[in-house]
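Biologist: I've just opened this one and would like a plain tour of it. Let's go question by question.

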Amino acid sequence: MITIGVVMSNAYADYSAHMIRGLCRRAKEQESINLIFFPSVLASDFVHQEKGEITDFYQDAVSLVDVLIVSDQKMLQMLLEQPEGSMFSNVLEHVPYLLLKDDAGGVLEEACALAEGRTLASQENAEADDTDLFAKKGLSKAQRRDQFERALEFAMRAHKGQQRKGSSVPYIVHPIETALIAMTLTRDQDIIIASLFHDIIEDTRYSAKDIEDRFGSRIAHLVQMESENKRKGQDASETWKLRKQEFIDGLDEKSKDEKIIALADKLSNMRATRQGYLKNDEKFWERFHQKDKKMHGWYYRTVANKLREFEDTEAWKELDRLIREVFES
């Protein structure tokens, strides 16, 4: 019997409930796995030396776990910084851990492998499996091609009738271009499909749960991490700076997979921005909620700087060049 502890913040649990459901569902399918959840306990007073029924329960639970799944990088840092005497102090020195950043099934399988001291064959062969977009371990080429075609049909249905802002161009052109850019940065089909879906949650009637049911928890999670809180009911022009600052700040917490989607999205947008600006000159900015060109320049340059880990890629170089041509020339 393997006991897996899951440490998360309340905010993460609310934001990615589909990942938690996926873990629970897959653990239930295997009788040899126990899950223990530690929701937001690191920020609570009872994690320290004070005794009590709740403290004793969590201390006993921590002592039982064979491996920990940690919700995000921030929570991992909190674990590492726990003071002496707290129930989680030094726990990572003797308990293996991994981040909840992949699909629930993959995370659970990897956690079990860690608990048993073995390496997954899929990890050992990851580089070999990653050479062909449509031929990864577990699915045939035909199955993966079918999944991508289903994803394209779903995206087209979700964005049906929508147009690019200030033009008659069908909106679906943007997510397709975003997915094509992502293909130059990764061979991971889940990331590419998430790139295709990146605007679905915030701009269509479909939810993360709809994506999860059709394409799995990892793709749903990646899309949700790219989705902006548009603050419906408030004036979009008044919330523009706040929303963009939230996206910029969020880049510090994103995984590399999530940053790939962000880079692909911003490059696609900058291509359209340059084309629109060359055609319409300064009138171009009137179509946006934020009509100050300098603010758009601030946003794109700040995002590009935050994504400098990709500066050796053609995608980042093109983004940098377009920003300079439109905003810095």
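Biologist: Let me start with a strand: which residue in β3 is the bridge partner of Gly 5?

Modeller: One caution first: this is a predicted model, where local features need pLDDT of at least 70, side-chain atom pairs count only at pLDDT 80 or more, and totals for chains, interfaces and linings use all residues. Residues are numbered from 1 along each chain as its sequence is written, and side-chain values use heavy atoms, with hydrogens and water left out. Helices (H or I, at least four residues) and strands (E, at least two) are DSSP runs numbered from the N terminus, and two strands pair if DSSP finds at least two bridges between them. Strands β1 (residues 2-8) and β3 (residues 67-70) pair in the parallel sense over four bridges, and in β3 the partner of Gly 5 is Leu 68.

Biologist: And how many of the residues of β1 are buried?

Modeller: Buried means under 20% relative accessible area, exposed over 50%, and partly exposed in between (1.4 Å probe, protein chains only). On one side of β1, Ile 2, Ile 4, Val 6 and Met 8 are buried, and on the other so are Thr 3, Gly 5 and Val 7. Both faces are covered, and the count is seven of seven.

Biologist: Zooming out, what share of the residues of the chain is buried?

Modeller: The chain folds into 17 helices and four strands. Of the 329 residues, the buried share is 48%.

Biologist: Over in β4, how far is the C-alpha of Tyr 97 from that of Val 70?

Modeller: Tyr 97 lies in strand β4 (residues 97-99). Its relative accessible area is 36%, which means that Tyr 97 is partly exposed. Leaving aside neighbours within four places, Tyr 97 contacts Val 67, Leu 68, Val 70, Leu 76, Leu 92 and Leu 114. Val 70 is 27 residues away along the chain, yet the C-alpha atoms are separated by 7.0 Å.

Biologist: Why do the buried residues of α12 line one face, and within what arc do they fall?

Modeller: In helix α12 (residues 208-215), the buried ones include Ala 208, Ile 211, Glu 212 and Phe 215. An α-helix has 3.6 residues a turn, so residues three or four places apart point the same way. The arc is that of the directions from the helix axis to the C-beta atoms. Seen down the axis of α12, the buried residues line one face because they fall within an arc of 100 degrees.

Biologist: On to the aromatics: how is the pair of Phe 247 and Tyr 299 classed?

Modeller: Rings of Phe, Tyr and Trp (its six-membered ring) pair if their centres lie within 6.5 Å; planes under 30 degrees apart count as stacked, over 60 as edge-to-face and the rest as tilted. By this rule there are 15 aromatic pairs. With centres 6.2 Å apart and planes at 65 degrees, Phe 247 and Tyr 299 are therefore edge-to-face.

Biologist: Last one: which ring does the charged end of Lys 266 sit over?

Modeller: A charge sits over a ring if NZ of Lys or CZ of Arg is within 6 Å of the ring centre and within 35 degrees of the ring normal. Lys 241 does this with Trp 298, 5.0 Å from the ring centre. For Lys 266 the distance is 4.2 Å, and the ring is that of Phe 247.

Definitions and conventions
Contact means heavy atoms within 4.5 Å.
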